[in-house]
Amino acid sequence: MDQKTTPAQRWVLGLSALASFVVVLDMLVVATALSAIQHDLGASLEDLEWTVNAYTLSFAVLLMTGSALGDRYGRRRLFAIGLGLFAVASAACALSTQVGALVAARAVQGAGAALIMPVALGLLNGAFPPERRGWATGIYGSVTGLAAIVGPVLGGIVTEHLAWQWIFWLNVPITLIAIPLVLRRIAEAHGPGGTLDLPGLALAAGAALGVTWALVRGNTAGWSSAETLATLAGGIVFGVLFVVRELRARAPMLPMRLFRSPAFSAGNAAIFFLNGSLTSAIFFTAQFHQVALDHGPVAAGLRLLPWGIAPFLIAPRAGALSDRIGERTLIVIGTLLLAIGMGWIALISEPGIGYFTTAVAMAVGGIGFSLALPAVTKAVVSRVAPQDIGRASGTFSTSRQLGGAFGIALTGAAFAAAGGYATAREFSDGYIVAMSVSTALAVAAAAAGIVLPRHRPAPATTGGRLAPATAQTTD
């Protein structure tokens, strides 16, 4: 750990990173256990989709709510409550004997994650001054990258050699150990006081629910179906009403003035497309190795390691580098490298392809993601005033989750139009098109990164107080 950090900062960084590790790990290990769940619980394909989508929906819908509750009632308190809810829901998942109970428990798990992630990121950015936040988010990102390394492999091992229930039991002791440490080692922090904006919370939740529901159900129900069009339109209407509400509210949960900052607006757009690109690529590549290349879950998980190793090794250095040269350069270079890696995979993939070339392409993409993620996190959260950190963290986390849902939905539609699961060749044809769409999403992230302002050296702390964060950019 860096010698410039205080013990209090180390505890905040360590526990925030641990929480992110558990949440991301849970996302990845479930994907490799779906076939075992299907066999054990007699689940249909739609049931399996909902074991993933229930988590995604509640996570995305409640992120802004979790951030607002943390500002109002205390981020440390909501952090501990979120960890406890996640532990209870994980145990309920493991104890489920029917697929309906599993889906319900997954939804509660997503609610716990929605409390954990924005308040953890808010605590992290509140604990470090602007000139050190890049380094801190780099460490945070490297631990998240470790989850990306461990997740697919661990999921495959547990599925093949133990039982799928153990992928959920693993969360319980980790979160239960973390709760007393959070309460004892992290100081309480609040956002702006005042009454809770309940109408704003309801409108934000309705907007996120409508849009996310349409994204996750579009491929199954049909993109022109009444269900998809109605939920998407409803989400957009609620979103417009939310903006109107926040513009007029005396104490808005998300001040619209934040979007006047090019760093905040462009950074949220960049993380939306960046996460959409990588999430969709991992989703289909894990299946490509099993369906088209006939590997088992463990072998498929091991073959995804080049994507995870790079974030673990590079993210801390990339975060520190963003403190010196600025976010825009790293985001543009990183997202373009990610696009190169995705495009390379799309060009070379076919049944029976050798692993070496694919591994190199994944490594290039992983390096790009490792450079971009800490920088885009800092661009969104580090530039706002201290009282707005919680709100900015919630917005960033929501954009990231919606981007992942959007990426899977978009590439899923492309895959279904060009291929299928009947044969290795058919899956490969669809996979190539899906990876091409992932490439386009990475290019869109690069375009958003170009809009970011130029870098200025971070202001030094004076008298124990931070200089205004907005002084770090040229708009």
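In which helix do Arg425 and Asp429 both lie, and how many residues apart are they? The legends below, which describe close-up views of a predicted model, start with this pair.

**View 1. A salt bridge between Arg425 and Asp429.** The side chains of Arg425 and Asp429 meet in a salt bridge, with a distance of 3.8 Å from N to O. Both residues belong to helix α17, where they are 4 residues apart, about one turn of the helix. The structure holds 1 salt bridge. Arg425 counts as partly exposed because its relative accessibility is 42%, and Asp429, with a relative accessible area of 31%, is partly exposed.

**View 2. The buried Ser438 and its contacts.** Ser438 lies in helix α17 and counts as buried because its relative accessibility is 1%. When its neighbours within four places in sequence are left aside, Ser438 is in contact with Ser277, Ser280, Ala281, Met342 and Thr411.

View 3. A search of the whole structure finds 8 aromatic pairs. One of them is formed by Tyr55 and Phe59, an edge-to-face pair with 5.8 Å from centre to centre and 80° between the planes. These two residues are separated by about one helical turn, because they are 4 residues apart in helix α3 (residues 45-73). Tyr55 is buried, and Phe59 is buried as well.

**View 4. The stacked pair of Phe288 and Tyr431.** Phe288 and Tyr431 form an aromatic pair that is stacked, with 4.3 Å from centre to centre and 15° between the planes. Since Phe288 lies in helix α11 (residues 262-291) and Tyr431 in helix α17 (residues 424-450), the pair ties together parts that are 143 residues apart in sequence. Phe288 counts as buried at 2% relative accessibility, and Tyr431 counts as buried at 1% relative accessibility. Both rings belong to one aromatic cluster, which is formed by Phe284, Phe288, Phe415, Phe427 and Tyr431.

**View 5. Arg303 over the ring of Tyr355.** In this view a charged side chain and an aromatic ring are shown together: Arg303 lies over the face of Tyr355, at 5.6 Å from the ring centre.

**View 6. Asn125 in helix α5.** Asn125 is found in helix α5 (residues 99-127) and is buried, because its relative accessible area is 1%, while the cut-off for a buried residue is under 20%. If residues up to four places away in sequence are not counted, Asn125 touches Arg133, Thr137, Val381 and Ile389. The C-alpha atoms of Asn125 and Leu13 are separated by 9.2 Å, and these two residues are 112 residues apart along the chain.

**View 7. A nonpolar patch at the surface.** Leu95, Leu162, Trp166, Trp169 and Leu170 make a nonpolar surface patch of about 510 Å². One of these residues, Leu162, lies in the loop between α6 (130-161) and α7 (166-169). Leu162 counts as exposed because its relative accessibility is 57%, the cut-off for an exposed residue being over 50%.

Methods:
Residues are numbered from 1 along each chain as its sequence is written. This is a predicted model: local features need pLDDT of at least 70, side-chain atom pairs count only at pLDDT 80 or more; totals for chains, interfaces and linings use all residues. Side-chain values use heavy atoms; hydrogens and water are left out. Patches are made of residues with over 30% relative accessible area and no salt bridge: like charges are joined within 9 Å, nonpolar side chains (Val, Leu, Ile, Met, Phe, Trp, Tyr) within 5 Å. Accessible areas come from the Shrake-Rupley method with a 1.4 Å probe; for residues, only the protein chains shown count as cover. A salt bridge is a side-chain nitrogen of Lys or Arg within 4 Å of a carboxyl oxygen of Asp or Glu. Buried means under 20% relative accessible area, exposed over 50%, partly exposed in between (1.4 Å probe, protein chains only). Rings of Phe, Tyr and Trp (its six-membered ring) pair if their centres lie within 6.5 Å; planes under 30 degrees apart count as stacked, over 60 as edge-to-face and the rest as tilted. A charge sits over a ring if NZ of Lys or CZ of Arg is within 6 Å of the ring centre and within 35 degrees of the ring normal. Contact means heavy atoms within 4.5 Å.
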